[in-house]
Each structure stands twice: as structure tokens, then as C-alpha cells.
Amino acid sequence: MKPIVAIMGRPNVGKSTLFNRLTRTQDALVDDVPHVTRDRHYGHASWNEVEFMVVDTGGFADDDQFSTEIRFQIFQAIEEADALLLVLDGKAGLSPFDRELLDLLRGSRKPVFYLVNKIDGSGEEGRLADFYRLGIEPLYPVSAEHRYGVGDFLDALVQALPRPASGGAAEGEVGTPADMIGLAVVGRPNVGKSSLINRILGEPRLVVSPLPGTTRDAIDTVHRRGGATYRLIDTAGIRRKGRVSRKLEKFSVLKALRSLERCDVALVVMDAGEGVTDQDVTVAGYAFERGCGCVLALNKWDLVEKSGGAERRLVEELRRQAKFLSFAPLLTVSALSGRRVSKIFAAVDTVYAQYVRRIATAELNRLLEAALTRTPPPLHRGRPVKFYYGTQVSTKPPTIVCFVNHPKAVHFSYQRYLINQLREQAGLDQTPVRLYFRERPRRS
């Protein structure tokens, strides 16, 4: 397992900027607003051929309604880390929260590195004098934004890290095995996405609150279950465009949508207590447009009235509004009680197996021939539309190209008929299927 390095400090000292610098990504949201980061955010880093994990944490303070939950996440990060980074603000100077966090870290037996951030050059290193009063050394003057001093600090850090042990990624660590299944948990705000992931993991891995917008970043967590490895991606709630006003929320929604592009299966979570809304269907449509495998989850099922057929009507209403996802499995769950949460992975495994399935060309053409014989394509200007052959060009989702004499003459209703036949005959009844028509290349 790779060693873990935890970044901590009070709000707005540049922790997320440093995280992005070390991981060479833009995965952590950065904004001038305090408390942008609330959960633990993991990423890969390497220096001098030494690989390690970096954990970004929320700001250590007590001036926010989520301070208690953020502090818990910081304590968890300290517990699992092999080295700790305390980031101080070279422009704002010392804060009482710096001293409180320093007292906490002094009780740890793990190596601690003290970084004075926002030092943009050697001419500004005089600002370190104020921090020497804390009785800590050495101090590393750095600029996470402009890279000043980061190399010298990393040289010292990798020397202090333990050598990686053999084995896979630890629970919660973001690994990259080829067979890892990406599962993005998406939905509108306050439908219980983070609560559902916490229930799956069996620990308060993510900050949960009844207030909308609690999750701002796309948080990746590795989870192993039944011999399979999953990358769980918790995302910010996706609201209607007209209701997204602040810059930070816009970035959060963009990251949630991008998560659909790097997942295999989208778990679309809805609030059963509130019923199916237009925005629920819109979010499901985003997943469908990006070609994700989909599992629909009606969460908070314990709040649904159990008499008068209310349960059946709710399921029927969802199926009616989201006809384009008629192939997607639908589960009724409760993150609060854990009811049927374990069934999610059985559905995800089934969808994923079909999502990556490749059909042999001979079998595919046999299925197409049977479908064409059963219902021939309509005529085009009095002439038949000829299907020469088909081939599967990719998976995730299964994508098939049919070569015909008049591609534009194939009506979408006949395309839908062929897709339904392939779903039924090829065992692709729970995954999206893409079918395209091309004109057969002419022989020279």
C-alpha cells in the first residue's frame, strides 16, 4: 500500500491548491470562500520515483455549521496518515486555530512538515519570523500556486515516508486497478447520496447534513465487496440551471457531470418521500446521454406510505417519466435503516457485466439476420434497404455499427426495434446499447 500524506490547516491557507499541485490535477475545488473542502479527498502523487497518496481535508475552525463534522474528518485523516502536512498562511500570519492544530499534531508520533504557504519568492521569506515563535522547525516556505519551494519540501517528505508494503489499495484510498468498477452516485440535492455511501462503507466517510449543498466536490472512495473493487464517486447535488447562481456551486455541478464521464455505472438516487420530480428525470437523462450504465434508487423508502398502493404508483410514475431508462434496474432502499442497500451491488454487477460485454461478429450477424427476417426494414424510394453486416466497435456501452446501402433511410423506429431485439437476444437487457448505420465502403 502506498504511504498516505494528510494536508491540514485552517480555512483558506491553500490546502486544496497544494493538493492540486502535488497530484498535478485540478481535482480539488479551489475558491476564496472558506470551507470549500469538507470531506477527505484522496489523490495520487509521486516525487523522485516515490509514489504516495495525498489527502486533502477541510479547514480546521469552529466558525462553520459543519465544523464538528469537518474536524471528525481531519481526525480520521491524522489516524490513517503516515506523514502530516500543516499548512500555514504566510500572508495572513498566525491564527489561534494554527496553535490549536499545532498542539494536536505535537501529540502525534508521525512526521510533521510545517509549510508556510503564499511565499512567492526568496524576498518574502522574512514573513517566516512570526511562525518561528511557535517553536517549530524546520519551516518550509512554499507557494502552492506558483510552485516556489515545493521541490525542496518534497525532497524532504519522500525521505521520511515509509516504503510501500505489498498489496492493494487501502479502504478509502483511490487506486487504479484495471478491473475497478466506477460507480458515480448522482442526484439532486438532499436525496441522501452521501448517507447512502456512508451506509455502504459502514463509517461516516462523508459529511452528511439536511442542508442542501453539503457535498461540493466529487469524492472518490475505493470499496471492496465480494471479490470486486469499486470506485465510489460521491457528487454534489445537481439543481436546475436557473437555480444555480454562485460560482462555487456551478463548479460543483460541473464536476458532478464530469463524474458521469469517468464512471461505468451511475447510481441515480431519488427521494421517495418527495416523489419523482422533473429534476430527477433530468439527472437520469444526463447519465443516459453520457452512455453510462444506470441503476435507479428510490431512497428514503421508509417514508413512503405503505397503504393504498402508493408504493406501486411511485414506481410506475418513475418508469413512465423515465421511459428512456426502461432497461435500468430500479431499487427501493433506505440509507437510514440500511434496507435493501446490499442489493445495490448485485444490480451494479449485472449492469457492468453487460456494459463491458463484447459480442462475436458471427453471433451478432446471426442475431441481426434473424431480426431482419422477422421484420424487414421499410422500403426507401421503392427500393429495399440492404443490411450487409454488423460489427461491435467498442464496449462501455456496447456500440454496434451496421453497414447498409442507405444509412439515412433507416428510420429511428426501426433502429429502436433492432436495439430491442439485440437486448432480448444477446442478453443486453440492462445496459444502454448504441447502434449506428454506415454506408459500406466502396471497393476501389
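Let's start with contacts, meaning heavy atoms within 4.5 Å. Take those in the protein with a separation of 6 or more: 71% of them join residues 24 or more positions apart.

A word on the source: this is a predicted model, where local features need pLDDT of at least 70, side-chain atom pairs count only at pLDDT 80 or more, and totals for chains, interfaces and linings use all residues. Residues are numbered from 1 along each chain as its sequence is written, and side-chain values use heavy atoms, with hydrogens and water left out.

Next, the overall build. The protein has twelve helices and 15 strands. These are DSSP runs numbered from the N terminus: helices are H or I, at least four residues, and strands are E, at least two. Of the 444 residues, 54% are buried. Buried means under 20% relative accessible area, exposed means over 50%, and partly exposed lies in between, with a 1.4 Å probe and protein chains only.

Where does R262 sit? R262 is in the loop between helix 7 (247–261) and strand 10 (265–271). R262 counts as partly exposed because its relative accessibility is 37%. R262 and I233 are 29 residues apart in sequence. In space, they are 9.6 Å apart, C-alpha to C-alpha.

Last, the lining of the second largest cavity. Which residues form it? They are P377, P378, V385, A409, V410, H411 and Y414. A cavity is a set of points on a 1 Å grid over the protein atoms alone, where a 1.4 Å probe fits but cannot get out; lining residues have an atom within 4 Å of a point.

Definitions and conventions:
On a 1 Å grid over the protein atoms alone, a cavity is a set of points where a 1.4 Å probe fits but cannot get out, and a pocket is an open set with protein on both sides within 12 Å along at least five of seven lines; lining residues have an atom within 4 Å of a point.
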